[in-house]
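Colleague: I am new to reading protein models. Could you take me through one, feature by feature?

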Amino acid sequence: MSDTAVERAIGDLVIETPSWGYGDSGTRFGTFPQPGRPRDVFERVDDAAEVHRLTGTAGAVALHFPWDAVEDYGALRAHIEHRGLRVGAVNPNLFQDPDYKLGSVAHPDAAVRARAVEHMLECVEIATELGSEAQSLWLADGTNYPGQDDLRARRERLVGSLAEVYAALPSEQELLVEYKPFEPAFYATDVPDWGAAVGICRQLGERARILVDLGHHLQGANVEQIVAFLAADDRLGGFHFNNRKYADDDLVVGSVNPFELFLIFCELVGSPGPLPRLTIDQSHNIEPKVEAMVLSVVNLQEAYAKALLVDRERLRVAQAAGDVLAGHETLLDAFRTDVRPLCARARGQLGAAEDPVEALRTSGYAEHMAAERAS
Ligand code: RM4
Ligand code: MN
Ligand code: MN
């Protein structure tokens with residue numbers, strides 16, 4: 001692909017940043033409050049708008065409920081649109097309430113399952129009011145000890161609960177199902193991996209798709225192959241981008257393993273159809289939150305640009321010839337290309353910053369917000 005075509009493709013990117021990535025977050029050992037952190041969802045949206053202004057491709061914001069709950073969703077939607085953004089996926093929260101100690105949609109008690117379903121149905125309505133087209137579901141459901149509960153019964157309850165929600169989804173909304181093999185359940189999570197997620201989604205229907213969170217795999221998993229297979233099966237609903245060294249570390253995407261990120265984009269570029277939903281899901285504990293988000297979007301732009309630069313014809317010929325290293329070297333050529341000038345031009349054309357991190361640092365935004373939000 002030519003440089004100008006790549007620049008155009010970057011211009012069409014839509015990355016969703018998460019409202020929850022701007023607020024306070026921590027580890028189970030502690031939370032370090034940051035000066036200037038937003039005090040409510042309106043200010044979280046303001047930070048998301050600043051990331052979009054600097055990068056040009058972060059035009060949507062994903063929301064989490066009840067964390068982002070307000071009285072007047074019309075006012076929230078107006079604020080989001082006024083800031084030049086739109087609402088991405090709506091994320092129901094089924095993991096925080098004390099009722100969910102033994103799970104939510106797979107809980108042994110029907111009353112708790114009904115409560116979880118009710119919350120999801122409420123989120124469907126919120127999504128409709130906000131103009132969102134996806135419910136994005138991560139379940140903390142699972143068990144800590146062998147024998148604690150019946151594994152198949154849990155799966156049946158889970159599918160039954162989700163089927164109720166799926167039946168209520170308006171046609172423009174889809175249901176994204178996230179998998180995770182560990183945490184907070186330590187013996188068996190109820191949606192441990194992409195295979196389990198595919199099975200559940202097939203039972204639900206066509207508009208149930210899988211969401212791949214890069215931190216939700218066991219060490220050594222070949223995530224780009226999972227992406228390729230899900231795309232081939234038309235079940236790839238989207239991503240939660242982040243990076244990790246050990247577990248679900250939620251670090252800046254592309255910071256620890258940029259090659260993996262590049263290979264994931266290679267699979268996306270190689271799959272027919274438009275890109276799936278691209279959302280960042282990170283938890284910034286010691287790093288400045290807005291800068292971390294800006295850097296994340298820049299890393300995504302660069303990984304995408306490099307994947308678009310892969311010489312597909314050369315790759316095809318090498319693979320057809322069974323030339324083991326020529327195909328690999330074709331990928332390396334693209335990965336080693338310095339795409340920073342190209343991405344800077346693409347951002348310039350969008351009216352965004354050529355160097356977003358530098359622009360943020362010199363803009364005084366962080367200092368200004370620290371003063372304004374001090375109360
Ligand atoms: C989970 C998962 C979900 C996110 C929560 C906050 O580990 O990644 O997507 O909503 O964290
Ligand atoms: Mn996630
Ligand atoms: Mn996670």
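**Reading the model step by step**

Modeller: Start with overall size. A compact globule of 375 residues would have a radius of gyration near 21 Å, and the protein chain has 21 Å, so the two agree. Keep in mind that this is a predicted model.

Colleague: What box do the C-alpha atoms of the protein chain fill?

Modeller: Along the principal axes, the box is roughly 60 × 55 × 40 Å.

Colleague: How many helices and strands does the protein chain have?

Modeller: The count is 14 helices and 12 strands.

Colleague: Next, burial. What percentage of the 375 residues count as buried?

Modeller: The cut-off is under 20% relative accessible area. By that test, 55% of the residues of the protein chain are buried. Take I126 as a case. This residue sits in helix α4, which covers residues 110–130. I126 has 5% relative accessibility, so it counts as buried.

Colleague: Which residue 53 positions away along the chain can I compare with I126?

Modeller: Look at Y73. The C-alpha atoms of I126 and Y73 are 7.3 Å apart.

Colleague: Now the metals. Which residues coordinate the manganese ion that is ligand 3?

Modeller: For a metal, list the donor atoms. Here H216 gives NE2 and D248 gives OD, at 2.2 Å. Then place the two residues. H216 is in the loop between β10 (208–213) and α7 (223–232), while D248 is in the loop between β11 (236–241) and α8 (258–270), so the pair ties together parts 32 residues apart in sequence.

Colleague: Are H216 and D248 buried or exposed?

Modeller: Apply the cut-off again. H216 is buried because its relative accessibility is 3%. D248, at 17%, also counts as buried.

Colleague: Which residues surround ligand 1?

Modeller: For a ligand, begin with the shell. Around ligand 1 are H64, W138, E178, K180, D213, H216, H240, D248 and D281. Sort that shell by class: one residue is nonpolar, three are polar and five are charged. H216 and D248 belong to this shell and also coordinate ligand 3.

Colleague: What polar contacts does ligand 1 have?

Modeller: Look for pairs of N or O atoms within 3.5 Å. A polar side-chain atom of E178 is 2.8 Å from an oxygen atom of ligand 1. For D248, the distance to an oxygen atom of the ligand is 3.1 Å. For a side-chain N or O atom of H216, it is 3.2 Å. Alone, ligand 1 exposes 290 Å², and the protein buries 87% of that.

Colleague: Last, the backbone. What should I look for?

Modeller: Most peptide bonds are trans, and most residues other than glycine have a negative phi. Then look for exceptions. F65 and P66 are joined by a cis peptide bond, with omega about 15 degrees. P66 lies in the loop between β4 (60–65) and α3 (73–82). The bond from E183 to P184 is cis too, with omega near -5 degrees. P184 is in the loop between β8 (174–178) and β9 (188–189).

Colleague: Where is D234, which has a positive phi?

Modeller: D234 is in the loop between α7 and β11. Its phi is near 55 degrees. D250 also has a phi near 55 degrees. D250 is placed in the loop between β11 and α8. At 13% relative accessibility, D250 counts as buried.

Methods. Residues are numbered from 1 along each chain as its sequence is written. Chains are lettered from A and ligands numbered from 1 in the order in which they are written. This is a predicted model: local features need pLDDT of at least 70, side-chain atom pairs count only at pLDDT 80 or more; totals for chains, interfaces and linings use all residues. Side-chain values use heavy atoms; hydrogens and water are left out. Donors are N, O and S atoms within 2.8 Å of the metal (3.2 Å for Na, K and Ca); water is not among the atoms, so sites may look incomplete. Helices (H or I, at least four residues) and strands (E, at least two) are DSSP runs, numbered from the N terminus. Buried means under 20% relative accessible area, exposed over 50%, partly exposed in between (1.4 Å probe, protein chains only). A residue is near a molecule or strand if one of its heavy atoms lies within 4 Å of it. A polar contact is a pair of N or O atoms within 3.5 Å; within protein, one must be able to donate a hydrogen and the other to accept it, and residues adjacent in sequence count only if both atoms are side-chain atoms. Accessible areas come from the Shrake-Rupley method with a 1.4 Å probe; for residues, only the protein chains shown count as cover. Ala, Val, Leu, Ile, Met, Phe, Trp, Tyr, Cys and Pro count as nonpolar, Asp, Glu, Lys and Arg as charged, and the others, Gly among them, as polar. The radius of gyration is taken over C-alpha atoms; the globule rule is 2.2 Å times the number of residues to the power 0.38.
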